[in-house]
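Student: I'd like to learn how to read a few features in a model like this one. Could you walk me through them?

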Amino acid sequence: MPKNSKGRDVSEIIPDKCIGCQLCVAECPVGAIEMQGGVAKVDPEVCIGCGKCFDVCPVEAVIFEKPRKKKLTGIGQKPRPLDEYQGVAVFIEVRASKGAEVSWELLGKARELAGKLSTQVFGFLLGSGAEPLAKEAVTYGCDIVYMVDNPLLQTYLSRVYGKAMVNLCEQVKPEILLLGATPQGRDLASVIATQLETGLTADCTGLDIDAQERLLLMTRPTFGGNIMATIVCRSHRPQMSTVRPGVMKMPKRDPQHQGEIRNLDFEAPKEALPRVIDFVPIAPEVGEDIGRAPVLVVAGKGACDAGAMPMLEKLAELMGGAIGCSRPVVQAGLLPYTRQVGQTGRTVSPKIYIGVAVSGAVQHLVGMQGSEKIIAINTDRHAPLVQIADYALIGDYREIVPKLIKGLEARIQTFKSKENSK
Amino acid sequence: MKEAFDVAIVGAGPAGISAACILADAGVRTIVFERGEYPGSKNMSGGVLYGHDLAQVLPDYVERKCPIERNIIESRIWYLSKESGYNIGYRDGIFGTTRKHNAFTITRAKFDRWYAEQAHKKGALIVPSTVVVDLLRDEKGRVVGVSTGREQGEVQAKVTLLADGINSPLATRTGFRAEPKPEFVALAVKEILELPSATIEQRFGVSGEEGVTIEILGEITGGMDGVAAIYTNRNSLSLSIGANLADFAASKIKPYELIEAFKQHPMVVPLISGAHPREYIAHWLAEGGYDAMPAVYGNGYLIAGDSAMLFNALHREGNNLAMASGKMAAESIIEALKRGDYSRKGLARYAERLADSYVIKDMKKYRRFGRFLYQNKELFNELPRASSLAAREMLTVNGVSKKEKQKLIVKEFRKQVPLRRLLRLLWHGWRAIR
Amino acid sequence: MHIVCCIKQVPDTAQVKIDPETNTLVRSGVESISNPYDLVATEAGVQLVEQYGGKVTVISMGPPQTESALRECLSLGATEAILLSDRAFAGADTLATSYTLARAISKISAADPVDLVICGRQAIDGDTGQTGPGTATRLGYNQFVYVSKIIEVDVENRTITVRRQVEGGSETIEGKLPALLTVELELTTPRYATLPEFVRALRQDMKVWGANQIEAPAERLGLKGSPTWVKEIFVPKPQRSGVIFDGTGSSEQVVDNFLAAFLGKEAELLGELFDKGKG
């Protein structure tokens with residue numbers, strides 16, 4: 001432990017570990033910490049050795065050895081013994097009397113998480129006449145579906161759904177609650193987390209379990225950099241997370257899976273509730289939903305050319321897929337926003353992803369890294385997408401794609417004639 | 001806008017803000033318009049400021065926490081050829097003691113913001129994100145204020161000071177200044193590279209707040225008439241390189257190519273190794289000199305700073321000329337306001353002040369310098385090559401007698417730069433700075 | 001009407017661009033801007049009080065430089081601005097942020113009852129739209145998120161009718177005030193302030209409230225009041241072992257080689273696709 005000239009034990013920061021978040025700067029009661037060259041530095045002469053910087057550092061970059069336990073300050077929620085909370089719960093979102101696909105995707109993931117925790121998977125379902133959905137939830141892996149069935153829950157209202165979900169959480173006490181990051185899911189998740197005074201991490205791209213500490217590890221990209229952050233919610237329950245549609249894999253339905261359906265009562269909120277006057281559906285989009293396509297040909301910044309589109313569409317068609325794009329192509333007005341793949345667009349996980357002149361900025365990568373096989377066509381072998389691709393073709397796409405189309409057509413012909421001659 | 005002011009200033013750069021500080025101190029109602037989102041957002045300079053002229057406006061600038069990057073104690077000059085070069089430096093401890101802050105490095109975003117804040121504290125109104133699109137005139141054609149791009153954006157003012165920089169679209173639109181010809185303008189690009197302060201101190205042999213500047217000439221500007229520079233900031237380096245605009249047009253070299261090649265020169269590489277590019281910006285420099293200057297005053301208006309083409313290329317002085325001219329403009333305005341005469345006659349004292357000061361005296365002295373550089377491209381091609389060759393041969397110990405070597409060097413040198421040419425070069429060069 | 005608009009200052013991502021020629025990161029020195037969604041929210045608030053009378057108060061939680069964002073909103077026509085700035089607020093996640101905002105709005109409401117709170121739908125620096133709903137929940141206000149149009153306000157009967165975006169379409173929904181809206185960009189376009197308004201905004205006094213002024217206990221604020229924290233930051237490692245086919249010579253050859261390898265290795269995958277009816 002370093003000492004200053006007065007002989008006092010002082011803290012020290014490891015520059016290589018420091019991420020420059022400046023939490024320690026704010027926390028230091030005597031202003032002994034300054035930013036230098038992008039990392040924090042302690043002035044040993046000013047430091048009083050209180051260790052607050054050590055407590056607050058999220059990446060353990062502070063050396064401080066006074067025997068101290070890490071303080072965990074409560075914030076309003078009465079700390080219940082954490083092992084009262086068991087189970088991984090998923091909010092089943094209802095859309096046009098069907099279950100939202102993201103809910104099934106989350107059930108698949110919940111099964112995996114529950115396995116590592118040796119616990120059960122719950123479905124939380126709110127609606128009116130939702131029994132068939134509850135049964136379907138069981139086939140997707142729910143051990144118990146807690147259903148609140150009430151006409152008031154026919155349409156989504158924040159207050160009403162919020163109250164019902166908070167009741168469910170208080171009764172069932174799941175340790176983890178997952179919701180799809182849809183407009184409804186985001187709103188609802190925030191209402192629940194606020195009322196339960198618990199932690200919510202949104203738009204997670206990865207979920208895992210630290211079995212030793214029985215913690216949910218939530219991973220999401222931090223903005224702007226090629227950096228991912230893993231976030232935990234240590235002392236509050238349930239640990240909440242929202243996940244975008246298409247990030248987790250759709251599990252297989254198992255009609256034989258056994259599960260219970262429990263009905264719970266619902267007490268309506270007393271105050272006057274907003275009422276929905278009408279609903280205007282948007283016209284079904286022309287063209288397919290790129291989230292469902294098994295093969296995606298994605299036009300990137302280097303293919304921002306109206307003349308290139310027909311060729312790429314042909315390639316997509318040949319492979320039985322659809323065409324998508326990255327943000328610059330939408331900004332250039334060549335394809336509609338519904339075709340955009342990325343953090344602010346759709347998250348996709350096709351069987352085959354073909355990036356044509358896509359550089360692979362992190363905001364795009366997070367939207368497609370779940371693809372099974374990634375093929376990159378690019379002139380730049382150092383482009384990020386090329387780095388993570390399974391196959392990369394280095395060269396000008398204007399030459400490569402037409403030859404690819406020809407080559408595929410030839411092979412399809414050969415295949416067909418073989419089939420015919422059988 | 002209903003509210004009227006005594007003085008409207010166009011541009012919140014060093015010239016405009018210097019004037020605003022002096023005017024506000026004298027209780028003159030001053031409004032400053034800046035087209036950028038904040039003062040400094042549209043400015044660029046190599047990065048050296050001279051304390052003397054800043055002190056004329058704000059004697060207590062150090063106490064006011066002027067954002068000084070490093071205090072310059074050593075100035076170097078490099079004369080480069082493609083893979084080699086000369087390096088001459090002068091270091092003097094006095095620049096750290098009794099002549100401290102003679103010159104120091106700044107970054108424009110921080111400095112201009114701080115400087116404008118000082119004017120604001122003194123009572124000047126600084127209005128960012130607002131472009132002045134035209135001048136207001138009365139029926140006699142005298143300037144009586146400005147017109148901005150916002151609704152209800154006309155502001156009456158007794159005197160208007162144009163301090164809107166080298167590009168000054170306003171000066172061109174109002175006809176006060178012709179659009180500068182390409183050969184009177186240089187195009188410069190700059191990169192700020194992040195480097196930890198400890199590394200900078202080690203590489204440049206300084207400590208604490210001390211810094212070094214390097215002015216660079218030679219083949220580094222791709223054969224074009226231009227200069228480059230490396231300046232040390234707290235925890236970054238400012239690298240800038242520029243060349244005459246007419247030369248750029250003729251050579252078809254792209255600015256970013258120029259700076260990339262610059263960064264790869266063997267003498268530059270060890271200084272910047274490991275540094276991360278943080279910022280990139282391009283800008284024009286006024287190189288026309290004295291002969292390209294417009295009339296700096298008229299009925300109801302004055303022109304200061306780069307807008308008046310006040311720039312001394314040889315000595316890399318621009319900010320200080322801007323500050324000095326801004327101060328003199330303010331002083332002349334204060335007199336004019338007292339007398340109630342804002343006509344051409346009433347504001348003429350400004351030009352007199354300038355002429356009496358080092359500003360115009362230096363501009364006159366170096367009026368031929370820009371042309372000299374532009375017309376003598378050997379300075380950027382053959383001469384650096386020949387000089388490098390001379391040094392290389394002289395320094396190589398290979399058993400050849402020194403006399404032989406000398407003969408060889410002179411022969412090679414003459415090949416590159418014939419004697420007649422060299423003499424003419426020296427003669428013109430001497431005349432240019434006399 | 002008394003409307004409160006919550007705004008945030010964010011890094012200017014538009015300025016963080018890649019120089020297309022050199023492929024290097026370019027930042028031109030502008031660090032922060034007002035979150036575009038929040039400018040829309042403020043403009044919407046100003047339009048409402050222009051129609052129904054009243055005033056708009058803009059608030060923001062952030063460091064001292066947030067002042068410039070607040071002044072930008074003042075120049076749109078907001079009446080008053082309050083900066084919530086205190087070291088204690090630093091490091092707040094969404095739970096602590098919504099707590100701080102809710103406390104501030106409660107205090108504002110105690111002096112002059114608040115009818116409506118308008119926020120932007122999300123912040124462009126990666127926020128995911130949690131703060132608005134969280135704040136509404138704490139205040140007990142009706143909340144309507146993803147609002148694309150404010151249809152009507154009935155001041156006498158204290159109701160508001162809006163159009164909000166939902167999955168598959170949009171809904172017209174009516175509810176009682178006080179309410180909180182989070183708005184979409186398309187709701188309206190922020191005006192370019194007149195010079196007198198802009199100058200007024202520059203000169204306006206700005207209130208600054210710290211933890212004391214909003215009577216917030218330290219353990220609910222900032223990092224202490226945030227149940228989530230960052231355990232680790234890492235650079236995602238490329239996990240795939242990629243095969244590269246270099247086409248800078250002949251693209252014909254490259255494509256052939258690729259197809260041979262791909263169709264060979266991925267036979268199973270392609271089999272699945274073929275089964276789906278490609279033929």
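This is a predicted model: local features need pLDDT of at least 70, side-chain atom pairs count only at pLDDT 80 or more; totals for chains, interfaces and linings use all residues.

Student: Let's start with the contacts. How many residues of chain C are in contact with chain A?

Tutor: On the chain C side there are 81 residues, and they meet 92 residues of chain A. Together the two chains bury about 7,600 Å², with 61% of that on carbon and sulfur atoms.

Student: And what is the count of salt bridges between chain C and chain A?

Tutor: Start with the general idea: side chains of opposite charge can pair when their charged atoms come close. Here, four salt bridges run between chain C and chain A. One of them pairs A:Glu197 with C:Arg220, and the closest N and O atoms are 2.6 Å apart.

Student: Which element gives the largest share of the side of chain C that touches chain A?

Tutor: That's helix H6 of chain C, residues 251-265, with twelve residues. Sorted by class, this side of chain C has 34 nonpolar, 26 polar and 21 charged residues.

Student: How many salt bridges turn up over all chains?

Tutor: A search of the whole structure finds 55. Have a look at B:Arg367 and B:Asp291, whose closest N and O atoms are 2.8 Å apart. This pair links distant parts of the chain, 76 residues apart. B:Arg367 sits in the loop between helix H12 (358-365) and helix H13 (369-375) of chain B, while B:Asp291 is in the loop between strand S15 (276-286) and strand S16 (297-298) of chain B.

Student: Now the backbone. Where should I look for a cis peptide bond?

Tutor: As a rule, most peptide bonds are trans, and most residues other than glycine have a negative phi. In chain A, a cis bond joins A:Arg237 and A:Pro238, with omega about -5°. A:Pro238 belongs to the loop between strand S14 (228-233) and strand S15 (239-243) of chain A. Chain C has a cis bond between C:Leu177 and C:Pro178, with omega about 0°. C:Pro178 is in the loop between strand S11 (169-176) and strand S12 (179-183) of chain C.

Student: Last one: how many cavities of 30 Å³ or more does the structure hold?

Tutor: Nine. The largest cavity has about 110 Å³ of space. Its lining is made of 13 residues, and the closest to the centre are B:Gly289, B:Phe311, B:Ala313, B:Tyr366 and B:Gly370. By class, the lining has seven nonpolar, four polar and two charged residues.

Conventions. Residues are numbered from 1 along each chain as its sequence is written. Chains are lettered from A and ligands numbered from 1 in the order in which they are written. Side-chain values use heavy atoms; hydrogens and water are left out. On a 1 Å grid over the protein atoms alone, a cavity is a set of points where a 1.4 Å probe fits but cannot get out, and a pocket is an open set with protein on both sides within 12 Å along at least five of seven lines; lining residues have an atom within 4 Å of a point. Grid points are joined across faces, edges and corners, and a volume is the space filled by probe spheres set on the points. Ala, Val, Leu, Ile, Met, Phe, Trp, Tyr, Cys and Pro count as nonpolar, Asp, Glu, Lys and Arg as charged, and the others, Gly among them, as polar. Contact means heavy atoms within 4.5 Å. Buried area is the accessible area (1.4 Å probe) that two parts lose on being put together, summed over both. A salt bridge is a side-chain nitrogen of Lys or Arg within 4 Å of a carboxyl oxygen of Asp or Glu. Helices (H or I, at least four residues) and strands (E, at least two) are DSSP runs, numbered from the N terminus.
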